[in-house]
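Please keep the sequence and the coordinates at hand while reading.

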Amino acid sequence: MHAYGGHIYSCNYSAKRSSLQATELLERMSRANPVVIFSRSTCFMCHAAKRLFCSMGVNPTVYELDEYPEGKDLERVLLELQVGGGGSAVPVPVVFIGGKLVGGMDRVMGSHISGTLVPLLKEAGALWL
């Protein structure tokens with residue numbers, strides 16, 4: 001328990017509130033555009049994900065989490081989403097298409113190889129071919 005500005009609060013409550021705020025922020029960010037990539041500016045797999053979409057004629061919205069004050073909280077939420085969905089335990093890159101979690105680079109490449117990525121992009125309005 002801590003006192004702040006005359007109020008007493010629990011660290012656990014503060015952490016839960018921060019996690020809820022990060023979850024809400026993540027939901028807004030992931031739905032803002034047809035393709036959203038959560039990345040780190042120094043991550044080579046993130047660079048590969050961005051290049052893949054650009055090479056397909058898709059202009060993804062990229063959030064470099066190491067450049068956001070809320071980046072660590074967002075990474076934690078992204079990790080929880082992926083592990084809960086049976087995905088890898090790597091926090092970035094994480095791709096959303098049409099506001100839906102696709103996953104990390106393993107899932108993106110799997111979808112690309114299997115031929116399911118282009119239909120997802122078309123359905124989201126990110127690709128018109």
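**Briefing on the predicted model**

Phe38 counts as buried because its relative accessibility is 0%, where buried means under 20% relative accessible area, exposed means over 50% and partly exposed lies in between, with a 1.4 Å probe and protein chains only. The model is predicted, so local features need pLDDT of at least 70 and side-chain atom pairs count only at pLDDT 80 or more, whereas totals for chains, interfaces and linings use all residues. Residues are numbered from 1 along each chain as its sequence is written, and side-chain values use heavy atoms, with hydrogens and water left out.

**Overall architecture**

- The protein has five helices and six strands, where helices (H or I, at least four residues) and strands (E, at least two) are DSSP runs numbered from the N terminus.
- Along the sequence, these elements follow the pattern β-β-α-β-α-β-α-β-β-α-α.
- Of the 129 residues in the protein, 36% are buried.
- The protein exposes about 7700 Å², of which carbon and sulfur atoms supply 57%; accessible areas come from the Shrake-Rupley method with a 1.4 Å probe, and for residues only the protein chains shown count as cover.
- Among contacts (heavy atoms within 4.5 Å) between residues at least 6 apart in sequence, 58% join residues at least 24 apart.

- Phe38 lies in strand 3, and, not counting residues up to four places away in sequence, Phe38 touches Leu26, Met29, Ser30, Tyr63, Leu65, Leu78, Val92, Pro93, Val94 and Phe96.
- The C-alpha atoms of Phe38 and Pro93 are separated by 5.5 Å, although the two residues are 55 residues apart along the chain.
- Ser39 is also found in strand 3, which spans residues 35-39, and Ser39 counts as buried because its relative accessibility is 0%.
- With neighbours within four places in sequence left aside, Ser39 is in contact with Cys46, Lys50, Val62, Tyr63, Glu64, Leu65, Asp66 and Val92.

**Nonpolar cores**

- The largest nonpolar core has 15 residues, and those with the most contacts inside it are Leu26, Phe38, Leu65, Leu74, Leu78 and Phe96; such a core is a set of buried Ala, Val, Leu, Ile, Met, Phe, Trp, Tyr and Cys residues joined through side-chain atoms within 4.5 Å.
- Helix 1, strand 3, helix 3 and strand 5 (94-97) are the elements that give two or more residues to this core.
- A second, separate core of 14 residues includes Leu52, Val102, Leu117 and Leu127.
- Leu65, leaving aside its neighbours within four places in sequence, is in contact with Phe38, Ser39, Gly71, Leu74, Glu75, Leu78 and Val92.

**Largest pocket**

- About 150 Å³ of space lies in the largest pocket, where a pocket is an open set of points on a 1 Å grid over the protein atoms alone, with protein on both sides within 12 Å along at least five of seven lines, and lining residues have an atom within 4 Å of a point.
- The lining consists of Thr23, Leu26, Glu27, Ser30, Arg31, Val77, Glu80, Leu81, Phe96 and Gly99.
- Helix 1 (11-31) and helix 3 (71-84) are the elements that give two or more residues to this lining, and helix 1 provides the largest share, five residues.

**Helix 4**

- Ser111 lies in helix 4, residues 105-114, and Ser111 counts as buried because its relative accessibility is 14%.
- With neighbours within four places in sequence left aside, Ser111 is in contact with Thr116 and Leu117.
- Met109 lies in helix 4 as well, but Met109 counts as partly exposed because its relative accessibility is 29%.
- Met109 and Ala49 are 60 residues apart in sequence and 8.7 Å apart in space, C-alpha to C-alpha.

Terms used:
1 Å grid on protein atoms, 1.4 Å probe; cavity = no way out; pocket = protein on both sides within 12 Å on 5 of 7 lines; lining within 4 Å. Points joined across faces, edges and corners; volume = space filled by probe spheres on them.
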